[in-house]
Amino acid sequence: MATSLQSVIVLDFGSQYTQLIARRIREVGIYSEILPFNTTADAIREHQPKAIILSGGPNSVYDESAFMPDPGIFSLGVPILGICYGLQAIAKHFGGNVESSSKQEFGRARMLVSDNAGRESMLFRDIPDSDVWMSHGDKVTRLPEGFRVTASTENAEMCAIESFGTKAALKVYGLQFHPEVQHSLYGKQLLSNFLIDIAGITPDWSPKSFIEHQIEEIRKQAGNSTVVCGISGGVDSTVAAVLVSRAIGKQLHCVFVDNGLLRKNEATKVMEFLKPLGLKVTLADASDLFLDRLKGVASPEKKRKIIGRTFIRVFEENIHDEKFLVQGTLYPDVIESISVKGPSETIKSHHNVGGLPKRMKLKLIEPLRELFKDEVRAVGRELGIPEEILMRHPFPGPGLAVRVLGSLTRERLDVLREADEIYIDELKSSGLYQKVWQAFSVLLPVQSVGVMGDKRTYENVLALRAVESTDGMTADWAHLPHDFLARVSNRIINEVRGVNRVAYDISSKPPATIEWE
């Protein structure tokens with residue numbers, strides 16, 4: 001991706017904040033890409049980076065099995081910045097000492113910029129003494145030869161170091177704190193100093209530059225071949241389809257599969273708002289087939305497998321001589337599914353990662369694969385896609401099948417559709433829809449006792465979910481007004497037959513995921 005852009009490589013050592021590093025770099029206007037910590041120097045050189053950043057991580061550099069970067073990266077001739085574990089890896093490589101700290105440091109700490117070295121450092125230009133965000137149990141206890149201290153905290157005397165004197169030309173820097181976290185007050189400025197002032201990178205990453213680059217790449221990849229795209233009406237697949245359409249025009253054929261697991265009147269709505277985008281779209285109504293195969297199935301994994309197999313069958317029936325398949329895969333999908341982050345763990349599988357059966361012989365075009373959700377929306381705006389589409393909340397590939405927990409029936413799907421319609425309508429009419437990242441209803445596999453019209457009822461329990469997030473990697477539950485929740489609950493219980501109790505989910509991600517299944 002980054003061959004025509006000035007780029008930064010982030011080597012991941014398993015930090016929970018690695019994605020934030022990449023995001024903050026892009027916010028500065030520079031393209032960034034995450035690679036596993038053990039990527040070889042030769043492989044990194046092929047990316048032609050202008051700088052390298054070493055992320056934090058959960059391990060200790062003095063352990064026998066400690067994760068260490070290829071020593072060759074320090075000979076690539078590009079500036080290197082180590083963050084937390086990255087700083088400690090730098091110290092160890094150059095002969096310094098790292099030990100377990102007698103006092104661990106988590107959360108805010110007061111950073112003091114050194115009077116001489118710190119004030120002279122290009123890294124700390126225009127950065128005063130300020131609060132930074134710490135998350136470490138080890139610290140540097142002996143400075144490597146050829147380095148100097150540029151900042152300290154009460155517990156970390158060598159909070160920031162940099163190559164100096166005979167090693168100054170290496171341009172190697174280290175920070176014990178996390179500049180990528182918003183609680184580090186001048187973190188973004190510090191990253192900008194490193195990338196622009198020290199590495200000399202010109203910010204050239206923008207939605208417009210991304211589109212221009214991708215159009216060129218898509219044309220090279222597809223040539224004169226025909227291309228098919230499974231479009232859902234969601235933000236990702238729509239932006240991907242329009243972008244590919246800009247590149248190859250009528251060579252693109254879109255297929256919208258109605259699997260019977262969509263929201264109320266979703267198929268009709270999607271076909272209507274796709275019309276003005278100039279896409280050639282075939283509607284494949286396979287709702288009866290999907291629902292028959294899913295009847296009575298309770299296991300979420302079985303649901304996903306049935307939906308996946310059935311989708312492939314329906315999709316196959318609606319493609320002809322296409323040679324390529326467009327998918328709206330995003331960076332978080334890739335990270336969570338195949339664990340590109342070095343030692344990090346796979347969280348869950350995604351429906352659009354992993355490809356289709358080999359018999360289909362379709363090559364993948366994934367133009368959004370390196371983007372976060374907000375970046376996809378920015379690209380969509382540059383492409384002229386209406387806000388009504390771009391600001392739709394995310395919707396899972398398996399649809400309502402993973403929001404009806406337990407046994408799946410047409411009746412339970414209809415109950416959820418009616419309830420969810422009320423919830424979303426109330427969010428929009430109250431001006432709250434765009435203030436949350438995602439909101440939806442979940443029909444639980446339990447029933448509760450209630451009283452309606454002086455009669456005892458034993459009906460379904462419905463959960464409401466709303467979260468605030470930037471990219472879906474982490475999320476906090478949305479603190480919706482109590483009077484709003486009361487109004488939604490009252491409407492659902494009174495208007496949706498089969499629900500007598502409504503609950504609100506106040507779990508954050510982590511430890512929970514956004515979806516329930």
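Predicted model: local features only at pLDDT ≥ 70, side-chain atom pairs only at ≥ 80, totals over all residues.
Let's begin with the whole chain. It has 15 helices and 18 strands. The radius of gyration comes out at 26 Å, close to the 24 Å that the globule rule gives for 517 residues, so the chain is as compact as a globular protein of that length. If you box up the C-alpha atoms along the principal axes, you get roughly 80 × 65 × 40 Å. Buried residues account for 56% of the 517. And if you take contacts between residues at least 6 apart in sequence, 74% of those join residues at least 24 apart.

Now the inside. In soluble globular proteins, nonpolar side chains tend to be buried together. Here, the largest nonpolar core has 45 residues, and the ones touching the most other members are Leu261, Tyr423, Leu427, Leu462, Leu480, Phe484 and Ile492. Which elements give two or more residues to this core? They are strands 11, 15 and 16, plus helices 9, 10, 14 and 15. Helix 14 gives the most, with eight residues. There's also a second, separate core, this one of 42 residues, and Val227, Ile231, Cys254 and Ala267 are among them.

Next, Val488, which sits in helix 15, residues 482–495. Buried or exposed? Val488 is at 0% relative accessibility, so it counts as buried. With residues up to four places away in sequence set aside, Val488 touches Tyr423, Glu426 and Leu464. For a sense of scale, Val488 and Met122 are 366 residues apart in sequence, and their C-alphas are 54 Å apart in space.

On to helix packing. Helix 6, residues 207–222, and helix 12, residues 373–382, have axes that come within 9 Å and cross at roughly 80°. The two helices are therefore roughly perpendicular to each other. On the helix 6 side, the contact is made by Pro207, Lys208, Phe210 and Ile211, and helix 12 brings Ala378, Val379 and Glu382. By class, that's five nonpolar, two charged and no polar residues.

Eight of its ten residues are buried, so helix 1 is largely enclosed by the rest of the structure.

Which brings me to the backbone. Most residues other than glycine have a negative phi, and most peptide bonds are trans. Lys171 isn't a glycine, yet its phi is positive, about 55°. You'll find Lys171 in the loop between strand 8 and strand 9, and at 35% relative accessibility it counts as partly exposed. Asn265 also has a positive phi, near 60°, and lies in the loop between strand 11 and helix 8.

The cis bond between Lys509 and Pro510 has an omega of about -15°, and for the cis bond joining Pro510 and Pro511, omega is about 10°.

Conventions. Residues numbered from 1 in each chain as written. Heavy atoms only, no water. Axes fitted to C-alpha atoms, helices over the stretch in contact; angles between N-to-C directions. Helix = DSSP H or I, 4+ residues; strand = E, 2+ residues; numbered from the N terminus. Parallel < 35°, antiparallel > 145°, perpendicular 65-115°, else oblique. Contact = heavy atoms within 4.5 Å. Nonpolar A, V, L, I, M, F, W, Y, C, P; charged D, E, K, R; others polar. Buried < 20%, exposed > 50% of the residue type's maximum accessible area, 1.4 Å probe, protein only. Core = buried A, V, L, I, M, F, W, Y, C linked by side-chain atoms within 4.5 Å. Rg over C-alpha atoms; globule rule 2.2 N^0.38 Å.
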